[in-house]
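Hi everyone, thanks for making time.

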Amino acid sequence: MSTHYFTSPYLLSVLLVLSSACASTWKSKAAVDPRLVARAMNDPVDLPTQRVNPASLPVIKPPVSIRPCCAFGMDLTAKLGEVPVPGYKNGNVLSADEVGPHTYDSGLTGVAENNGLVYTCRGGFIDTAHIRDNGDRTLYLAMEIARQLPGGFTINMPEEAVVRRVIVKPLPPAVLARYGRWVAATTLAQWVNYQFSIWHEIATWYGWQSIKGFSERLSAFSLEDMYSNVLGERLAAGIVLNHETDSNEAYNRAMDAWIRESLRRLSVVSKVDARRAMQSVDGLWWDSKQRIPDNKLVLRRQLSIASPQQPWLVTDAATKGPVRDELKQMCAKAPPPLPLSIPEQLGDQKIEELVRIEFEFSSWLPEGFPITAQKGTIFTQAEFPAIIKDIRAKGEKDLGPGFDQLRPLRDEGKPVAFAD
């Protein structure tokens, strides 16, 4: 038999085409999490809901500590009464590489976390301690809510100036069926955490001290706080939805990675540039002549609690001249600013119709509070706008009109001698 036709170039090319058509090049059997695909398609779904046993979810202790950081400013000095503290100087401004590893609820023991302020072109100054505090609390709330859905229940939180309770109404079956346990839990947890983050700023404004003897009023509603709070809760929600919470260690390492990536996406700048940014608003947002705990160390406060949270950028403060030009050049290649929103609805259902947060006065009874502070008096997050109004009025007397607004930096017509 002749085999000449097997060497025909034409026939060989045909065989190659046919064999290529039959090749199993894109038939990988690697598993894909259907929730990730659904999320990418913006199709709310939580397919494994029926396979999740709520009783099997990890039980974690609520965070009780508050990380002692950070007053706004750099190279901060301190005093006891009117006496300067010798040798104390807190650089405060960091590069992203200097931020240390996360530890759940580390509080005063979290020295290795090395918290401080970083500057980002898209999110302004970020307080890494606030990221962590709000991330930890959101994790705890998400786990508690996921375990107890869909029935009504109450979560008793550790005291923070007052007794705190989260009262969750029964979730409508249709809402849970459409969004699933994890999406529902993380959405509610973010909203609840945000209310608690507002309360922390309110309490410290009216004199509550997480560490007895150390006034925190100088950092109440500091201009970077609320944005950092929302960033922390959104990172924690993402970690929970991505199921990186099988253990304490898994969560801690996930938070490390998510913080790094979030700062990268926000276009974090070098430490030298961050210090340049901080010095550019000395005398406008903070006063380097003041010492901790002077209330006038931080001159600007961010009182807006509405969604989305807008970042305060130093380029919005410097309106003219070489200062603005230098700062704009620093962030010339960065994407636009990134507002961060707070969940207010779960589908068509308003979260405030599903959740009520109660605050009850106990041992701490502040003077000058807009709600009569008597033991047993209960108020809710619905009173926050009226309380903020009172803070604004008091702040204008103490810090001056417009203390909660961006004001143009004085244009001196010459470059500022920035510190390295």
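I'll talk about one aspartate, then a pair of helices, then some salt bridges. Keep in mind that this is a predicted model.

Okay, so let's start with D127. Where is it? You'll find D127 in strand β4, which covers residues 124-127. Now, what is D127 paired with, if anything? D127 is buried and yet has no salt bridge. The nearest side chain of opposite charge belongs to R132, and that one is 8.0 Å away.

What the D127 side chain does have is backbone nitrogens. A polar atom of that side chain lies 2.9 Å from the backbone nitrogen of A129, and the backbone nitrogen of C70 is 3.3 Å from a polar atom of the D127 side chain. If you skip the neighbours within four places in sequence, D127 is in contact with C69, C70, G116, L117, E224, D225 and S228.

Right, on to the helices. Two packed helices are described by the angle between their axes and the distance between the axes. Here, α4 (residues 173-205) and α10 (residues 384-399) pack at about 35°, with their axes 11 Å apart. The crossing of α4 and α10 is left-handed. And which residues meet there? From α4 you get Q195, I198, W199, I202 and W205, and from α10 it's F384, I387, I388, I391, K394 and G395.

R392 pairs up with D404, with the closest N and O atoms 2.7 Å apart. This pair links distant parts of the chain: R392 sits in α10 and D404 in the segment after α10, 12 residues apart. How accessible are the two? D404 counts as buried because its relative accessible area is 9%, while R392, at 30%, is partly exposed.

Compare that with R276 and D273, which both lie in helix α7 (residues 271-280), three residues apart, or about one turn of the helix. Their closest N and O atoms are 2.3 Å apart. R276 is buried too, with a relative accessible area of 19%.

One more pair: E160 and R164 form a salt bridge at 3.1 Å, N to O, and E160 and R164 are both buried.

Conventions: Residues numbered from 1 in each chain as written. Predicted model: local features only at pLDDT ≥ 70, side-chain atom pairs only at ≥ 80, totals over all residues. Heavy atoms only, no water. Helix = DSSP H or I, 4+ residues; strand = E, 2+ residues; numbered from the N terminus. Buried < 20%, exposed > 50% of the residue type's maximum accessible area, 1.4 Å probe, protein only. Lys, Arg positive; Asp, Glu negative; His and termini not counted. Salt bridge = Lys/Arg side-chain N within 4 Å of Asp/Glu carboxyl O. Polar contact = N/O pair within 3.5 Å; in protein donor to acceptor, adjacent residues only side chain to side chain. Contact = heavy atoms within 4.5 Å. Axes fitted to C-alpha atoms, helices over the stretch in contact; angles between N-to-C directions. Left-handed = near helix turned anticlockwise from the far one by under 90°.
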